[in-house]
Each structure stands twice: as structure tokens, then as C-alpha cells.
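Hi,

Here is the structure I said I would pass on.

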Amino acid sequence: MTKDYFYLHQHHSDFDDFCTNALNWDLDYRQLERGAFTSEMLTCGNNQVIFSRAKLGRRMLQRGSSPPGMVTFGLLACPEISIHWRNIDVSGEQLFIFPPGGELNSISQADFHVYVISLTEETLDEVCTSFQLPVFKELVNGNEVFRCNPLMLASFRKHLLQIEQILSMRKGLINSAYLRRLENELSEQLILLLADRTEVVTAKKPRKRDLALQSAVNFIHASRSNIITMPSLCEASNASQRTLEYAFRERYGLTPKEYLLVHRLNNVRKQLRQAVPENDQVSAIAQQHGFWHMGQFS
């Protein structure tokens with residue numbers, strides 16, 4: 001008998017494996033600090049509701065997009081955690097919504113732990129109607145981050161923890177009826193949180209430093225050259241080296257040169273994972289990305 005839902009609970013020591021197993025997501029992660037990567041993912045759902053919980057053990061640059069055709073909400077698992085998400089500093093006291101068709105672009109720290117819920121807009125509209133509220137799009141009005149009632153948010157986070165525990169320990173409980181109940185409970189709680197929100201959080205007006213940083217990062221990721229010099233980076237971003245030094249340290253905790261090194265190492269790593277041992281050599285792949293000294297590369 002074919003199951004009408006999916007379930008996954010895995011630990012990963014490789015962020016490409018983590019991205020691959022993030023069902024229905026299109027992800028590209030880049031590790032921003034040295035050390036072994038560790039993560040845990042729990043996800044369960046169907047085409048109406050997806051509940052996920054993810055933990056990452058390293059500082060990461062997260063890019064990609066959420067499940068298509070669904071509205072996806074995020075809530076950090078602890079009030080003390082924060083994340084730089086789509087040019088907004090999001091705290092554990094805020095609920096955030098992934099933009100439909102928009103890009104996830106965030107920087108998470110080594111304590112990253114998040115709950116993510118995806119629901120159909122039709123389900124959310126039905127709940128809005130039952131509570132005599134505007135339809136979902138009118139309720140959020142294009143905004144993505146919301147500061148919510150602290151007591152309601154704490155209760156919601158507690159409920160998510162209970163769901164996590166049930167899914168972790170009692171996989172046999174999962175069936176269509178359970179997921180329907182989950183869909184109803186989560187959609188109602190999310191709509192009530194949004195209806196009783198205390199503040200809409202928006203991105204601050206970008207500074208010259210922020211615009212220069214974005215131009216520099218876009219140039220790095222779009223460039224086919226494996227050796228990008230500081231003068232070329234300054235020219236592409238129309239900023240001085242000092243401005244870029246401040247901007248990169250502030251956002252990524254890295255200098256521009258360190259970010260470039262991380263970018264190249266991540267590219268080498270991805271190519272090595274796709275390599276055919278009989279045909280490809282580590283040294284040849286490394287040299288394609290500007291690493292000429294194998295001892296230093298190792």
C-alpha cells in the first residue's frame with residue numbers, strides 16, 4: 001500500500017546531504033566557518049501540511065527556496081536564537097513567512113534550531129473566513145516578519161515541541177487522520193498569532209555599506225573566475241577596500257579574502273562530491289579553483 005505522506009528523521013554530517021533530504025525544498029548551503037558540519041532534520045507531511053524541525057551545528061549561508069505552492073512559516077526554536085534573514089535581523093520572538101517564489105537568503109549561527117510549517121493558502125483562507133478575518137494575503141499585506149503576542153508565541157512553541165516529540169518517538173502514529181488534525185491545529189494557531197500580532201518588522205533602509213556588500217557577493221557568485229582580486233571586487237561594488245572589510249566582517253564574521261576562500265573551497269567540495277574517481281583527480285579539480293599548492297589545500 002502506498003503511503004500518502006512522507007516522514008524523515010536523520011542526522012547529517014554533510015550539508016549537501018542535508019539539502020538533498022530537505023524534501024520539497026531547493027537549498028544551497030555554504031559553511032562559513034571551519035570544523036565538521038553536524039545537523040539533524042525531522043520532517044513529516046503531505047501535499048496539505050508539512051511540519052519540519054532542523055538543527056545546524058555550524059555558521060551557514062543559506063540560499064534557496066521553500067516548497068512551491070505552499071505558504072511556509074518559520075519560528076526559531078528558542079527565544080534567544082537570532083538569524084539574519086532576507087536583510088532583517090529576526091529573533092526568537094518573531095514569526096517569519098517565506099516569500100512565495102522568493103529566495104531564502106540568510107545567515108545562521110552554530111546554534112540554529114528552527115521549526116518550519118508549510119500550509120496551502122486555501123487552508124489558511126478557510127481559517128481566516130471562519131474567524132471572520134480578511135483572507136490570508138490581506139491579513140499579512142505583503143509583510144514577512146511579525147512580532148507576536150509573547151504569551152501566545154510561547155504557547156505555540158510549546159505545542160511545536162510536543163509535535164516534535166510525538167513524531168520523533170511515535171512514527172507509527174502518523175497517518176492521514178493525524179496529518180489532517182495537524183493541519184487544522186497549526187493553521188488556526190498561525191492565523192490567530194498573525195491576527196493578534198503586535199508589530200510588523202521590516203528591513204531597515206540599506207546603507208551604502210550594505211549595498212556595496214550585496215554587489216560584491218553577487219559578483220563573487222556570478223563570476224566564473226577562480227581568482228577574484230580585491231581591486232576587482234572594489235570596482236564591482238563601487239566601494240573602497242575598507243568599506244568592504246567592515247561590511248563583510250559585520251555580516252559574515254569574515255574578511256572579503258576569507259569569504260572568497262570559503263566560496264572557492266565550497267565550490268571545490270561540491271565538484272569533488274560529483275566527481276568520478278576513475279576519471280577525475282583531486283589535484284586537477286583543486287587547480288580549477290585556484291588551489292595550486294596541494295599541501296596547503298589539504
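Predicted model: local features only at pLDDT ≥ 70, side-chain atom pairs only at ≥ 80, totals over all residues.

Two cavities of 30 Å³ or more turned up in the structure. The largest cavity holds about 240 Å³, and 21 residues line it. If you want to find its centre on screen, go to Trp 25, Tyr 29, Ala 54, Val 114 and Val 116, which lie nearest to it. Several strands give two or more residues to that lining, among them β2 (26-31), β3 (39-45), β10 (104-108) and β11 (113-119). Which element gives the most to the lining? That is β4, with three residues.

Next, the aromatics. There are twelve aromatic pairs in the structure. One of them is Trp 85 with Phe 98, an edge-to-face pair with 5.6 Å between the centres and 90° between the planes. Because Trp 85 is in strand β7 and Phe 98 is in strand β9, this pair ties together parts that are 13 residues apart in sequence. Both Trp 85 and Phe 98 are buried. Phe 98 also pairs with Phe 96: the ring centres are 5.7 Å apart and the planes are at 55°, so this pair counts as tilted. Phe 96 is buried as well, at 2% relative accessible area, while the value for Phe 98 is 7%. Elsewhere, Phe 15, Phe 18, Tyr 29 and Phe 37 make up one aromatic cluster; Tyr 29 is also one of the residues nearest the centre of the largest cavity.

Last, the hairpin around Trp 85. Strand β7 pairs with strand β8 (residues 88-91) in the antiparallel sense, over four bridges. Within that pairing, Ile 83 has Val 90 as its bridge partner. Two residues sit between the strands of this hairpin, and Arg 86 in the turn has a positive phi of about 50°. Arg 86 also lies over the face of Trp 85, 5.9 Å from the ring centre.

Cheers

Technical notes
Residues numbered from 1 in each chain as written. Heavy atoms only, no water. 1 Å grid on protein atoms, 1.4 Å probe; cavity = no way out; pocket = protein on both sides within 12 Å on 5 of 7 lines; lining within 4 Å. Points joined across faces, edges and corners; volume = space filled by probe spheres on them. Pairing = 2+ DSSP bridges. Phe/Tyr/Trp six-rings, centres within 6.5 Å; stacked < 30°, edge-to-face > 60°. Buried < 20%, exposed > 50% of the residue type's maximum accessible area, 1.4 Å probe, protein only. Lys NZ or Arg CZ within 6 Å of the ring centre and 35° of its normal.
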